[in-house]
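Let us walk through this structure step by step. Keep the sequence and the 3D view side by side.

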Amino acid sequence: MSESARASESPRHLPGVSVRHTRVKGEPRFPDGPRADPAGSHFERRIRSFQPRRSRVTAGQADALQRLWPAWGLDIDGQRVVDLGELFGNARPVVLEIGFGMGEATARMAAADPGTNVLAVDVHTPGQGHLLHLAEREGLANVRIGNGDAIILLREMLAPDSLDGLRVYFPDPWPKKRHHKRRLIQPEFLTLAATRLRPGALLHCATDWEPYAEQMLEVLTAHPDFRNTRPDGGFAPRPAFRPLTRFEGQGLDKGHVVNDLLFRRVQHEGRDRGRSQDHDHDRAV
């Protein structure tokens, strides 16, 4: 058999097989998939609330990333404001989910509520591939996947009042005291998120790290842009629409306590009306 014939039968040319060990140095891991660092050096360095993880991408995940990313993926580069209606192909409400792991809960919630679009953001490549695979398998036309820093997405790429909800499920708790500044749910983040959430939009957080849950409750309760949906001002029972994940079930089996927090974006009459009018003027210009 000739060398060219052997090359044509090499696994690296078969769809869905990882090119991890065969790509040339500097070549993108997935040429048609998510970029390794979409925002690059365009923005200031800051303390990040996430830690990128390196793990193996399966053949099925690699295939989904190659085939589906151009249509269903969004690289968060901070260079433009995203038209969510164009991204999803309709004007349905959009919920942003920050950190979706392997995407099982995201897919189940999207399937249960096809009238709501879900923009799910993570930096974990295997999870991105797995959620793309689930979305295709289940026919979830209401899922899009963002790759990169959610702060840049909120600050640079989403219009004011463009979101109908925000989900932050089981974020990294950064348990060491010196790392608490890396936790996502902080006053500054809430102020930014409030500008992109429509009045009345639901902010839903969940964590199995009790000290972090207490901090979340404290900063959310103190923030003027959010109001607890619980009359007693405490934690909420897990709502039926948030599915119990395998990860969560394992934690519960070990005695972990999971706390949900459900807060509404508060309407501020003068300020919100003025911001909406400014945005309408900017779009007209």
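Two strands count as paired if DSSP finds at least two bridges between them. Strands of a sheet pair through backbone hydrogen bonds, either parallel or antiparallel. Keep in mind that this is a predicted model.

E2 and E5 are joined by three bridges and run in the parallel sense. Within that pair, Leu96 sits opposite Leu166 of E5.

Now widen the view to the sheet. It is open, it has eight strands, and its pairing is mixed. Read across it and the order is E1-E4-E3-E2-E5-E6-E8-E7. Which strands form the edges? They are strand E1 (73–75) and strand E7 (226–228), and each pairs on one side only. From one strand to the next, the twist averages 25°.

Next, follow the pairs one by one. E1 and E4 run parallel, with three bridges between them. There, Asp75 has Asn147 in E4 as its bridge partner. E4 also pairs with E3, again in parallel, over five bridges. In this pair Leu119 faces Arg144 in E4.

Move on from E3. Strand E3 covers residues 117–122, and strand E2 covers residues 94–98. The two pair in the parallel sense, through five bridges. Val95 is opposite Val118 in E3. Arg167 lies opposite His204 in E6.

How enclosed are these strands? Take E4. Five of its five residues are buried, so the rest of the structure largely encloses this strand. Here, buried means under 20% relative accessible area. The side chains of E4 point two ways: Val143, Ile145 and Asn147 go one way, while Arg144 and Gly146 go the other.

Now turn to helix H2. H2 covers residues 59–72, which makes 14 residues. At 1.5 Å a residue, a helix of this length should span 20 Å. The C-alpha atoms at its ends are 19 Å apart, which agrees. Even so, H2 has a kink. The bend is about 40° and lies at Gln66, shortly before the proline Pro70.

Which residues of H2 are buried? They are Gln61, Ala62, Ala64, Leu65, Leu68, Trp69 and Trp72. What do they pack against? The buried residues of H2 pack against E1, helix H5 (125–138) and strand E4 (143–147).

Side chains of opposite charge can pair when their charged atoms come close. Is Arg67 buried or partly exposed? Its relative accessibility is 43%, so Arg67 counts as partly exposed.

Look for more such contacts. How many salt bridges does the structure hold? There are nine. One of them joins the side chains of Glu248 and Arg242, at 2.7 Å from N to O. Both of these residues are buried. Arg242 also forms a salt bridge with Asp260, where the closest N and O atoms are 2.8 Å apart. This second pair links distant parts of the chain. Arg242 is in the loop between E7 and helix H9 (246–253), whereas Asp260 is in strand E8, 18 residues apart. Arg242 and Asp260 are both buried. Elsewhere, salt bridges with shared partners join Asp63, Arg67 and Glu136 into one network.

To finish, go back to the sheet and its E2 and E3 pair, which runs parallel. Helix H7 (residues 187–196) packs on the sheet. H7 touches E2, strand E5 (163–169), strand E6 (197–207), E7 and strand E8 (259–265). The direction of H7 makes about 135° with that of E6. Helix H8 (residues 210–222) packs on the sheet as well, touching E6, E7 and E8. The direction of H8 makes about 15° with that of E8.

Technical notes: Residues are numbered from 1 along each chain as its sequence is written. This is a predicted model: local features need pLDDT of at least 70, side-chain atom pairs count only at pLDDT 80 or more; totals for chains, interfaces and linings use all residues. Side-chain values use heavy atoms; hydrogens and water are left out. Helices (H or I, at least four residues) and strands (E, at least two) are DSSP runs, numbered from the N terminus. Axes are lines fitted to C-alpha atoms, for helices over the stretch in contact, and angles run from 0 to 180 degrees between N-to-C directions. Contact means heavy atoms within 4.5 Å. The expected span of a helix is 1.5 Å times one less than its number of residues. The bend at a residue is the angle between axes fitted to the seven residues ending there and the seven starting there. Buried means under 20% relative accessible area, exposed over 50%, partly exposed in between (1.4 Å probe, protein chains only). A salt bridge is a side-chain nitrogen of Lys or Arg within 4 Å of a carboxyl oxygen of Asp or Glu.
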